[in-house]
Amino acid sequence: MQGGSTITQQLVRNLLHQAASRRRSAARTTEACLAIKLARRKSKQWILVAYMNQVYYGNHAYGIEAAAQTYFSGRRED
């Protein structure tokens with residue numbers, strides 16, 4: 001893999017990191033295998049939604065809904 005990770009790989013990495021910390025080389029191999037399996041079983045739309053709903057957006061906001069509430073709470077545009 002050259003040039004970075006796909007969203008699927010990032011999703012798997014984030015989910016693995018939440019479950020437990022592992023040795024780097026073994027984790028990368030596991031990550032790649034799980035990303036391939038996930039990509040075969042789920043649609044790209046499902047993967048994108050899952051990724052957006054669990055990624056960190058700053059200010060203690062994990063997921064798109066939490067980020068929207070954090071950054072736009074109380075703001076109204078007329």
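Reader: What counts as a contact, and what share of the contacts with a separation of 6 or more joins residues 24 or more positions apart?
Author: A contact means that heavy atoms lie within 4.5 Å. The model is a predicted one. Among contacts in the protein with a separation of 6 or more, the share from residues 24 or more positions apart is 35%.

Reader: Which elements make up the secondary structure, and in what order do they run?
Author: The protein has four helices and zero strands. Read from the N terminus on, the order is therefore one of helices, as runs are numbered from that end. Written out, the elements are α-α-α-α.

Reader: What percentage of the residues is buried?
Author: A residue is buried if its relative accessible area is under 20%. The protein has 78 residues, and the buried part of them is 23%.

Reader: How much of the accessible surface belongs to carbon and sulfur atoms?
Author: The accessible surface of the protein comes to about 6500 Å². Of this surface, the part belonging to carbon and sulfur atoms is 51%.

Reader: Is the pair of Tyr56 and Tyr62 stacked, edge-to-face or tilted?
Author: The count of aromatic pairs is one. In that pair, Tyr56 and Tyr62 have ring centres 4.7 Å apart and planes at 45°. Planes under 30 degrees apart would be stacked and those over 60 edge-to-face, so the rest are tilted. The pair of Tyr56 and Tyr62 is tilted.

Reader: Which residue lies over the face of Trp46?
Author: The distance from the ring centre of Trp46 is 4.7 Å. The residue over that face is Lys42.

Conventions:
Residues numbered from 1 in each chain as written. Predicted model: local features only at pLDDT ≥ 70, side-chain atom pairs only at ≥ 80, totals over all residues. Heavy atoms only, no water. Helix = DSSP H or I, 4+ residues; strand = E, 2+ residues; numbered from the N terminus. Buried < 20%, exposed > 50% of the residue type's maximum accessible area, 1.4 Å probe, protein only. Areas by Shrake-Rupley, 256 points an atom, 1.4 Å probe, with all protein chains shown as cover. Phe/Tyr/Trp six-rings, centres within 6.5 Å; stacked < 30°, edge-to-face > 60°. Lys NZ or Arg CZ within 6 Å of the ring centre and 35° of its normal.
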